[in-house]
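I opened this entry to keep track of what I looked up, one topic at a time.

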Amino acid sequence: MYVCGMQILDGKKAAQTIKDHLKLNVAQAAIEGKKVPHLAAILVGTNGASETYVAAKVKACEEVGFKSTLIRLEDTISEMKLLEEISELNSDPDVDGILIQLPLPKHISDEEVINTIDPDKDVDGFHPASVGRMVQGLPTYIAATPYGIMLLLEHYKIDTKGKHAVVVGRSNIVGRPMSVLLSSNSNYGNCTVTICHSHTKDLKAFCLQADIIVAALGKPEFVTADMVKEGAVIVDVGITRVADATKKSGFKLKGDVHYESVAPKCSWITPVPGGVGPMTIAALLKNTYRACQMKN
Ligand code: NDP
């Protein structure tokens with residue numbers, strides 16, 4: 001029986017520490033007459049969740065003293081026109097980082113869009129050049145969510161070396177890069193990693209072996225207490241809007257982990273909200289700061 005007691009991997013707190021640090025650096029840079037980082041975000045259409053995410057990113061830029069530009073485009077925009085917008089940002093010397101809020105309308109290819117971003121401004125870390133460098137352990141922009149999770153593990157000094165990590169989900173933006181980072185030969189890596197997906201047979205058996213579970217499948221409260229080993233570290237990436245008439249917004253946010261039952265069993269757990277979400281934004285800010293530094 002695990003007896004040490006569960007602790008919260010508080011993403012809000014850890015993200016605040018990172019933001020405070022960036023804010024100081026930016027203020028100092030401004031005093032020295034250096035350039036302030038500038039993030040340009042493109043939002044196509046009016047998807048409610050995307051609006052919320054972009055607004056949070058723009059607000060975070062303001063908080064730390066970055067410049068930000070939000071470009072809103074109609075969801076009827078052609079792929080060609082969107083690629084032209086990106087090319088303009090690529091050649092704008094004042095723009096350090098470019099973010100295209102996903103998902104995009106169905107008639108636009110994510111791949112074309114991502115490939116058009118200048119890798120030097122790819123602060124979301126989705127460009128194949130960034131992904132390739134990450135896989136090789138070279139300095140690069142790492143996708144904000146997995147990078148944020150690594151920063152969270154670092155903040156709380158979670159011992160990962162030699163641990164068995166099970167990553168549930170293999171998307172290009174979360175699960176796959178997460179599996180690479182946790183298995184990399186670096187601080188807060190060196191795990192033995194199992195990556196699971198919708199074709200995994202007996203997911204529960206893998207989860208029960210895990211010292212660390214990263215749940216990134218997008219199915220609310222999917223990971224339940226019977227799937228978790230006593231004392232495991234749980235990172236819940238999922239954010240799903242579930243209808244809730246008692247809320248003003250009409251919904252509440254649910255993670256991929258059944259928090260109430262899982263929390264008492266584990267050593268560390270991220271809440272939803274307040275766990276991975278704020279860390280994703282902090283990681284994006286760090287990438288944007290790096291982009292500005294590299295260029296100037
Ligand atoms: P995707 O839908 O792109 O990927 C989901 C992955 O989960 C796929 O690899 C899929 O497998 C796998 N999966 C689905 N069902 C099961 C199942 N029953 N058992 C095992 N694996 C399964 O989602 P994302 O990676 O983009 O996002 C995952 C979640 O994280 C979402 O809730 C999203 O909203 C959230 N998110 C949160 C962020 C944050 O800042 N906190 C940032 C980004 C995402 P297969 O490949 O076989 O289809």
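**Salt bridges**

I first found that Lys35, Lys67, Asp94, Asp96 and Lys295 are linked in a network of salt bridges, where a salt bridge is a side-chain nitrogen of Lys or Arg within 4 Å of a carboxyl oxygen of Asp or Glu. I must keep in mind that this is a predicted model, in which local features need pLDDT of at least 70 and side-chain atom pairs count only at pLDDT 80 or more, while totals for chains, interfaces and linings use all residues. I also note that residues are numbered from 1 along each chain as its sequence is written, and that side-chain values use heavy atoms, with hydrogens and water left out.

Is Asp96 buried or exposed? Asp96 is buried, with a relative accessible area of 0%, and Lys295 is partly exposed at 38%; buried means under 20% relative accessible area, exposed over 50%, and partly exposed in between, with a 1.4 Å probe and protein chains only.

I then turned to Lys81 and Glu85, which form a salt bridge with their closest N and O atoms 3.8 Å apart. Both residues lie in helix 3 (residues 79-91), 4 residues apart, about one turn of the helix. I recalled that an α-helix has 3.6 residues a turn, so residues three or four places apart point the same way. Lys81 is partly exposed at 37%, whereas Glu85 is buried at 17%.

**Helix packing**

Next I looked up helix 1 (residues 11-31) and helix 6 (residues 144-155), which pack at an angle of about 95 degrees with their axes 10 Å apart; axes are lines fitted to C-alpha atoms, for helices over the stretch in contact, and angles run from 0 to 180 degrees between N-to-C directions. That angle makes helix 1 roughly perpendicular to helix 6, a term that covers 65 to 115 degrees. Gly11, Ala14, Thr17 and Ile18 in helix 1 meet Leu151, Leu152 and His155 in helix 6, and contact here means heavy atoms within 4.5 Å.

**A buried valine**

Which residues does Val214 contact, leaving aside its neighbours within four places in sequence? I listed Ile149, Val166, Val167, Val168, Met178, Leu182, Val235 and Val237. Met178 and Leu182 are among the buried residues of helix 7 (residues 175-183), and the buried residues of that helix pack against strand 7, with helix 5, helix 6, strand 5 and strand 6 also on the list.

**Backbone notes**

I found that the peptide bond from Leu102 to Pro103 is cis, with omega near 0 degrees, and that Pro103 is in the loop between strand 4 and helix 4. The bond from Val272 to Pro273 is cis too, with omega near -5 degrees, and Pro273 is in the loop between strand 11 and helix 10.

How values were computed:
Helices (H or I, at least four residues) and strands (E, at least two) are DSSP runs, numbered from the N terminus. Angles under 35 degrees count as roughly parallel, over 145 as roughly antiparallel, 65 to 115 as roughly perpendicular and the rest as oblique.
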